[in-house]
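Please look over the sequence and the fold shown here before reading on. The report is meant to be read with both in view.

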Amino acid sequence: MGDCSFATAINCMDGRVQEPVASWIKDHFKVDYVDEITDPGPDRLLAGHDPVACEAIRRRLVISVEKHGSRVVAVVAHHDCAGNPVDKETHIRQLDGAIKVIAEWQPEVHIVGLWVDGDGKVEQVHAHPA
Ligand SMILES: [Zn+2]
């Protein structure tokens, strides 16, 4: 366990996006494993400061950062999200808001905002720090 490296994905529960996101993160950040924190439309929950969802996400993120030593956190939004059916522009704006919430909780980690399109292609749309 001690030799493994972890990153964290705050991802949608949608089964179409888990694998593309985990692969992208492993490729880009050279980590062995990606801890998955999943909810329906987490970009909306975080950006909207949903109190119950935020606390549940925050508690799970603490485990990933403190027990697994994760230093990279990806927040994910995607095309055709049933939990958050808004247009791409709104998703991108919500991702930015979500990153600000996470940065307050975990100022030491690198945070990226990822967009997954209808073909499962992953694109980085935000980074904090830039
Ligand atoms: Zn979704």
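The sections below take up the sheet, its crossovers, the central strand and the nonpolar core in turn.

The model is predicted, and its strands form an open sheet of five members in the order 2-1-3-4-5, with mixed pairing. Strand 2 and strand 5 (122-128) stand at the edges with a single partner strand each, so one side of each of them is left without a neighbour in the sheet. From one strand to the next, the twist averages 25 degrees.

Strand 1 pairs with strand 2 in the parallel sense over seven bridges, and within this pairing Phe6 stands opposite Tyr33 of strand 2. The chain passes from strand 1 through helix 1 to strand 2, and this β-α-β crossover is right-handed.

## Strand 1 against strand 3

Strand 1 and strand 3 also run parallel, joined by three bridges; Thr8 stands opposite Val73 in strand 3, while Ile10 has Val75 as its bridge partner in strand 3. Helix 1 packs on the sheet, where it touches strand 1, strand 2, strand 3, strand 4 and strand 5, and its direction makes about 150 degrees with that of strand 1.

Is Ala7 buried or exposed? With 26 other C-beta atoms within 10 Å, against the 20 or more that the term requires, Ala7 is buried. Leaving aside neighbours within four places in sequence, Ala7 is in contact with Ile25, Phe29, Val31, Val34, Ser70, Val72 and Ala74.

Strand 3 is mostly covered, since seven of its seven residues are counted as buried. Val72, Ala74, Val76 and His78 point one way from the strand, whereas Val73, Val75 and Ala77 point the other way, and all of them are buried.

Strand 3 is joined to strand 4 by seven bridges, and the two strands run parallel; Ala74, for instance, has Val112 in strand 4 as its bridge partner. Here the chain crosses from strand 3 through helix 4 to strand 4, and this β-α-β crossover is right-handed.

In soluble globular proteins, nonpolar side chains tend to be buried together. In this model, the largest nonpolar core has 35 residues, and those with the most contacts inside it are Ala9, Val21, Ile25, Ala74, Val75 and Val76. The elements that give two or more residues to this core are strand 1 (6-12), strand 2 (33-39), strand 3 (72-78) and strand 4 (110-116), together with helix 1 (18-29), helix 2 (42-47), helix 3 (51-66) and helix 4 (88-105). Which element gives the most to this core? Strand 3 does, with six residues.

Val76 of this core shows which parts of the chain are brought together there. Apart from neighbours within four places in sequence, Val76 is in contact with Ala9, Ile10, Asn11, Cys12, Val17, Val21, Leu114 and Val116.

Note on methods. Residues are numbered from 1 along each chain as its sequence is written. This is a predicted model: local features need pLDDT of at least 70, side-chain atom pairs count only at pLDDT 80 or more; totals for chains, interfaces and linings use all residues. A nonpolar core is a set of buried Ala, Val, Leu, Ile, Met, Phe, Trp, Tyr and Cys residues joined through C-beta atoms within 7 Å. A residue is buried if 20 or more other C-beta atoms lie within 10 Å of its own, exposed if 12 or fewer, and partly exposed in between; C-beta atoms are placed from the backbone. Helices (H or I, at least four residues) and strands (E, at least two) are DSSP runs, numbered from the N terminus. Two residues are in contact if their C-beta atoms, placed from the backbone, lie within 7 Å. Two strands pair if DSSP finds at least two bridges between them. Axes are lines fitted to C-alpha atoms, for helices over the stretch in contact, and angles run from 0 to 180 degrees between N-to-C directions. A crossover is right-handed if, with the strands pointing away from the viewer, the path from the first strand over the helix to the second runs clockwise.
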